[in-house]
Amino acid sequence: MPRLTDVMNDSWREVEVTGESIPHLLHWDLAYLWVLQKPRDLRPKTWENRVRAWKGLFARLLLGQLELSARAITDPLLSFTSPYGISSALELKSRGNVVGVSSPIVICRPLPDLDPAAQVDLTEIERHKSELSFCLQLLVGSLRSLTSSGDERQIQHVLLAVLESLLQEWGGLAGVSYQTEVRQTALLRSVSFADPTQQIGIDQVELHISKGLESKTYVPRCRECDGLLTRKDDDPQVEVEERFVIQCPKCSVDNEIDLARLFLWQRTSHEMIHWTERRGDLFATDPTDQYPPAYTLSVQGQFIRFEWAPADVGNSPSRFLSIKFKDRTVAAKSFRSDAMYDHLLVKGGAHQHFSGLPIRHEFSCSVRNKGNIKARPDSLVFGPIQLAGLPFRIEVTRGTLSVTVHVPFPNCLDKT
Ligand SMILES: [Zn+2]
């Protein structure tokens, strides 16, 4: 008679595995985890379609293509799930039909009555690999930090291995960032077969569901290996000489950075201007191939320091960049003209004849393209204006004030 470990590690290609083979309330979830963790060529043949269905469902969940509706678990089932801290489940719906449920073990899973012969269409995965990889790498990052704590987290360790392998399959680290909506999802640490009622830990993990829009946050990446050029919080600063070049920490290739991507404008050979304007009403035009900047932490003397949001760098700790410019000082400046902050005084004449620009006079040499001025009954629209050191064009709307001057003594002006 073979030993149990031999049986477990052997090929299950020809073996029928049903959820009920595992005597547990979460049997289907556990069956999926068990099959998914097996190398592809050892998985039961009868599960091939279920595995495809799981991947397809998971992908559609991450792509935001499913409607999620919470459903409370009621008695008598609640008495079985409450020891695990589970009191509700999410129904995953497509066009109103339930196609799966949330799972505290494998994130989500198809329904048990899935037709094993049904054609599962995975073309969506091919079309959205970069988006999927981005969402998945954030989940993998959260799971890695959970499982590094050293506590008993048997299920999460196995799931992490499954998701890491899926990330490879989907193309690995995404080169671009996407906007996501965050949902908390519960993941069990382990389950006990001996005593299913014993108190077992559960963790909440952030599931990033893509909102489909590519985030325009600019993150400096290596042109050669696509690695992050950003650094860890306590890494030494990057020294920049004449050209703005950052060496890749991974492959040592030099990368020339477009100053405007970081809102920097080299005004003179010894002076850098860092624009303080950020997104908002000012950036009414925002061409799709351009990017808003990182957060600026500090600007002082020759130094400038940036910080990115964790989601922009795939939860990597390398989300900072401290730069020291050789022989140049950096100053944070606003190009907004206070005089025209809210309203514009048009002194005589028609609005459309106004030819000024809504930026400070001292920065007029940064103007690369003035755009047009469009006159509306109560406002003027400037733009789109291209300024040096800005990654996109701006369009500014200013209200106009009509001023009526009452002259109480009509002749006094003539007399003076
Ligand atoms: Zn590189």
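# Reading a predicted fold

Modeller: Let's start with helix α6, residues 129-147: at 1.5 Å a residue, its 19 residues should span 27 Å, and the end C-alpha atoms are 26 Å apart, which agrees. The expected span is 1.5 Å times one less than the number of residues. Helices here are DSSP runs of H or I with at least four residues, strands are runs of E with at least two, and both are numbered from the N terminus.

Biologist: What sort of model is this, and how are residues numbered?

Modeller: This is a predicted model, where local features need pLDDT of at least 70, side-chain atom pairs count only at pLDDT 80 or more, and totals for chains, interfaces and linings use all residues. Residues are numbered from 1 along each chain as its sequence is written.

Biologist: How many helices and strands does the chain have?

Modeller: The chain comes to 8 helices and 20 strands.

Biologist: Which residues of α6 are buried?

Modeller: First the rule: buried takes 20 or more other C-beta atoms within 10 Å of a residue's own, exposed means 12 or fewer, and partly exposed is in between, with C-beta atoms placed from the backbone. In α6 the buried ones include E131, L132, F134, L138 and T147. Over the whole chain of 416 residues, 29% are buried.

Biologist: And L166, is that buried or partly exposed?

Modeller: L166 belongs to helix α7. It counts as partly exposed because it has 19 C-beta neighbours inside 10 Å. Its C-alpha is separated by 9.9 Å from that of Q137, 29 residues apart along the chain.

Biologist: What about α3, how far does it reach?

Modeller: α3 has 15 residues and reaches 21 Å from first C-alpha to last, close to the 21 Å expected. Among its buried residues are R50, W54, L57 and F58. After α3 comes G64, with a positive phi near 70°.

Biologist: Which residues touch the most others in the largest nonpolar core?

Modeller: The general idea is that in soluble globular proteins, nonpolar side chains tend to be buried together. A nonpolar core is a set of buried Ala, Val, Leu, Ile, Met, Phe, Trp, Tyr and Cys residues joined through C-beta atoms within 7 Å. Here the largest one has 46 residues, and Y32, L33, L57, F58, L62, V106 and L132 touch the most other members. Elements giving two or more residues to this core include α2 (27-37), α3 (48-62) and α6. The largest share, 8 residues, comes from α2. Apart from this core lies another, of 33 residues, among them V238, A260, F335 and L357.

Biologist: How much of the contact total comes from residues 24 or more positions apart?

Modeller: Two residues are in contact if their C-beta atoms, placed from the backbone, lie within 7 Å. Of the contacts with a separation of 6 or more, 63% are between residues 24 or more positions apart.

Biologist: What joins β18 to β19?

Modeller: A hairpin does, through 2 residues. β18 (residues 372-376) and β19 (residues 379-387) pair in the antiparallel sense over 5 bridges, and A375 has L380 in β19 as its bridge partner.

Key. Two strands pair if DSSP finds at least two bridges between them.
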